[in-house]
Amino acid sequence: MNTVTTLTPERLAPPGRSRRDRKAAELEARTRAVGERLAAISARPAERVLQDLAATRGGLKHSEAAFRLESHGANVVAQEKAPRWYAQLARAFANPFIAVLVFLAAVMYWQDPEDPGVVILSVMVLISGALRFWQEYRSGRSAAALRRLVTTTTAVQRRAGRGSGPTTFEVPMETVVPGDLVRLAAGDLIPADLRLLAAKDLMVSQAALSGESLPVAKADTRADDLGQYVTTDPVEADNLCLMGTSVTSGAATGVVVATGSDTYFGSMAGSLVGERPQTNFDNGVRKVSFLLIRFMLVMVPVVFAVNGLTKGDWNEALLFAIAVAVGLTPEMLPMVVSANLARGAVAMSQRKVVVKRLNAIQNLGAMDVLCTDKTGTLTEDRIVLDRYLDVHGRDDDEVLQYGYLNAHFQTGLRNLMDRAVINRVDEAEEVVVDARFTLVDEIPFDFARRRMSVVLRRNGLVAGAGSGEHVLITKGAVEEVLGLCSHLVDGGERVELTDGLRRHAVRTAEEHNLQGLRVLAVATRTMAAERDTYSVADEDRLTLVGFLAFLDPPKADAADALRGLADKGVAVKVVTGDNELVAARVCADVGISVGRVVTGAVIDTLDEGALRELAARTTVFAKVNPVQKARIVRALQAEGHTVGFLGDGINDAAALRDADVGISVDTAVDIAKESADIILLEKDLTVLEQGVVQGRTTFGNTIKYIKMTASSNFGNVFSVLVASAFIPFQPMLAIHLLVQNLAYDISQLATPWDRMDEEYLRKPRNWDAKGIGRFMVTIGPISSIFDITTFLVMWHVFAANSPAHQSLFQSGWFIEGLLSQTLIVHMIRTRKIPFIQSRASLPVLVMTAVVMAFGIFLPFSPFAAGLGMQPLPMAYFPWLVGTLLAYCVLTQTVKTLYIRRFGTWL
């Protein structure tokens, strides 16, 4: 039995490079190897290809097909499967702060199994992980529901056995094997990589692979086919049809030369599974987490040592140091971040956006460069007739009339440009045309001629001379049609086509090509009605009427959406597989400053350093392949940008995965949706702009919590350190610190519902660990000033200056500490004057008020004795009000100086 050996390139990547670089090199090497193999197959005669595959024009036998299916495996490409629910659950708890909290809870449990702090910390950990798990699990299910296949079967030709004739029948796509003969018709999805054996009027949409908006014509091949001219790009080979593309018109038969991961599509998909690269969010959270952990590791031993040395009770000092560690750790950070992201995901879902990975919301807000394809994003993803011109480039209704007659009367499947011509003419015109003309014959389109003609009879209803004549109307490629013309129409007169007029006509067509328009020529020939059958030989001595110019028009709201993104600090770069002329035209129409258009051929000549420099100053990239798209994304990231990528094709998958935030649409190919972090239910940049604002709001609320909590906790610990050195008893019990911290954290649960100032939303926002550290040491000690004044008031005014009166001292500091910590929320949440220029949302106002009331009530409550507290005298509260007012004034003053010095706040 014959066997077929298909190519599976070795995964080659230079050693000593980062994992991400090795993955990219692996993708590039594999795609190049598969491309070279397919190009070589394109260049071979059809019979040689069949011989190499041990196949015949009658198709494989059923038994042979079954053997090959077992040998080569199912015709499926590698896909990134959603992790099992338990793996997602475990990953939701993979966070450095959660690890710290688990460690602290374990130490507290070891010290005292009855300690309520153990339960408190455990609940925080569980809620934080559960929130993240549920949102990502639910979003993953929503994304899976969006996957739709265009078709699941394909027509193959096989034989029952030796001597039996071939039979064509439908089989599942995954059962197609190398050597199978596949029959293609309009609307079919190409099931594998095919070498065409026979084709007629075949047009294939390759947008998913190449990004070209218009279908391409594939070669009309015959039994004596000797192969294709040499090409290095299998997408450009006119006798290959590649997996993932689709037939728009015509019919063909092809032999399968590669399936599954050995296809051109599969070579891209194979390197897209596994661990994803670290994004801006991941790097930012890691840096901030370890910054705060370093603060804790420095401060806690100092507090432990000072307490142990001054009080002499090392066991109590250890318990207090653990409580300080909990107090210094923003233990609600994982929970608040998860709640913020979940809140953002819910808000975005209301705008028809599915968030697959929660971290992507913050990345969307941090995004300062958006790379996007052209087709369907900036354009309407449909072909329209933009202009109908005479040879001088002036609008001419006669050109439209003849173009319409050609498209209307052809009997074959109309292509996109035929439909565009018909759509341009009023529907009522069809009735008139059918009455005035009758179809006599047609000369169909073929790849070699690149034109098609219809022959019409002028009916007797048409008054005047010429009634009953036959009119041949030809429409096709400019150079092909012009080569058949002997005359042209100039100002309504038929004149001889001189060399000068010929050059002038060519120049008119080229000028519109340079504007990004697809130009076809229209020509006619009038003949006596002597016969009813016509052939290619009759397409001669034509009269050039003019030109039809087509384009994929820009979306009406694209320019406004781009301005909106620019106002938000997001630069848009167009990265397309389409040609540079079309890309430049569309970009200019939507207000993008084009400058120099860089092509994929140029990118291939550049090293990484040169590409980073070029990518930074280039707005439009054209004729780029999947590997080049991913290189552009990585080059921009290397320059410090947070990069988003919007794409929907197979050729976008690698770039979607490498970007900080990959964005796709629900109509995208499956591999693009699997690689994306966010899926738009509408391919609309306006929706994306709203997502950017939501991302910045989410990030801003997260940063609020981190800066408020970290600075406040740092101030508290600094105060504890000072008090421990001079006061002969604990300034606050460990349980006081835990309750105070828990009450404050509960007030922060409303943070995801807070609003952000308009000014904050205008610029991309990124994690800044250094800035957070600076904020902590600048703002934190402000609270310590008023903590110390409270110590002095409690010590001197209320005589709480001995261990016998320590509960009074501790109760006084508990209330002041909690109220100042909660009130500072309103001071830090905005760079403006709180309550006057900027007011928090209602949930934040209510929660902070409730927590402050709780703090005042607790020493007077039945729980006070159990917590080691006691009621405070009424004389305490005027001192408290004065302290809080002074605290707010000083904080606002320092905030103004801080903004003036560093130019930033949140």
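This is a dialogue about a predicted model of one protein chain and the terms applied to it.

Colleague: What does the chain contain in helices and strands, and what share of the residues is buried?

Modeller: The protein chain has 30 helices and 24 strands. Of its 906 residues, 57% are buried. Among contacts between residues at least 6 apart in sequence, 75% join residues at least 24 apart.

Colleague: Why is L551 called buried?

Modeller: The relative accessible area of L551 is 8%, and buried means under 20%, so L551 is buried. L551 is found in strand β18, residues 542–551. Leaving aside neighbours within four places in sequence, L551 is in contact with R382, I383, V384, D386, L517, R585 and D589. One of these, R585, is 34 residues away along the chain, with a C-alpha separation of 9.5 Å.

Colleague: What makes F550 buried?

Modeller: F550 has a relative accessible area of 1%, against a limit of under 20%, and therefore counts as buried. F550 is also found in strand β18. F550 and G516 are 34 residues apart in sequence, and 8.9 Å separates their C-alpha atoms.

Colleague: Why is A54 called partly exposed?

Modeller: The relative accessibility of A54 is 29%. Buried would need under 20% and exposed over 50%, so A54 with 29% is partly exposed. A54 sits in the loop between α2 (46–52) and β1 (60–61). Phi of A54 is near 55 degrees, a positive value in a residue other than glycine.

Colleague: How do you know that the length of α27 agrees with expectation?

Modeller: Helix α27 (residues 769–797) has 29 residues, which should span 42 Å at 1.5 Å a residue; its end C-alpha atoms are 42 Å apart, so the two agree. For α28, with 23 residues, 33 Å is expected at 1.5 Å a residue, and the helix reaches 32 Å from first C-alpha to last, which is close.

Colleague: What makes α28 mostly covered?

Modeller: Of the 23 residues of α28, 22 are buried.

Colleague: How do α28 and α29 pack?

Modeller: The axes of helix α28 (residues 806–828) and helix α29 (residues 842–857) are 9 Å apart, at an angle of about 170 degrees. Angles over 145 count as roughly antiparallel, so α28 is roughly antiparallel to α29. From α28 the contact takes F814, I815, L818, L819, T822, L823, V825 and H826, and from α29 V844, L845, T848, V851, M852, G855 and I856. By class, that contact has eleven nonpolar, four polar and no charged residues.

Colleague: Why is α12 called roughly perpendicular to α25?

Modeller: The axes of helix α12 (residues 359–366) and helix α25 (residues 685–726) come within 7 Å and cross at roughly 105 degrees. The range for roughly perpendicular is 65 to 115 degrees, so α12 is roughly perpendicular to α25. The contact is made by I361, Q362, L364 and G365 of α12 with L688, G691, V692, G695, R696, T698 and F699 of α25. The contact of α12 with α25 has five nonpolar, five polar and one charged residues.

Colleague: Which residues touch the most other members of the largest nonpolar core?

Modeller: L364, L370, I663, I678, L680 and L685 do, in a core of 158 residues. The largest share of this core, 15 residues, comes from α25. I678 touches M348, V353, V354, A360, L364, V661, G662, I663 and S664, residues up to four places away in sequence not counted.

Colleague: What makes up the second core?

Modeller: The second core is separate and has 27 residues, including L400, V454, L456 and V471.

Note on methods:
Residues are numbered from 1 along each chain as its sequence is written. This is a predicted model: local features need pLDDT of at least 70, side-chain atom pairs count only at pLDDT 80 or more; totals for chains, interfaces and linings use all residues. Side-chain values use heavy atoms; hydrogens and water are left out. Helices (H or I, at least four residues) and strands (E, at least two) are DSSP runs, numbered from the N terminus. Buried means under 20% relative accessible area, exposed over 50%, partly exposed in between (1.4 Å probe, protein chains only). Axes are lines fitted to C-alpha atoms, for helices over the stretch in contact, and angles run from 0 to 180 degrees between N-to-C directions. Angles under 35 degrees count as roughly parallel, over 145 as roughly antiparallel, 65 to 115 as roughly perpendicular and the rest as oblique. Contact means heavy atoms within 4.5 Å. Ala, Val, Leu, Ile, Met, Phe, Trp, Tyr, Cys and Pro count as nonpolar, Asp, Glu, Lys and Arg as charged, and the others, Gly among them, as polar. The expected span of a helix is 1.5 Å times one less than its number of residues. A nonpolar core is a set of buried Ala, Val, Leu, Ile, Met, Phe, Trp, Tyr and Cys residues joined through side-chain atoms within 4.5 Å.
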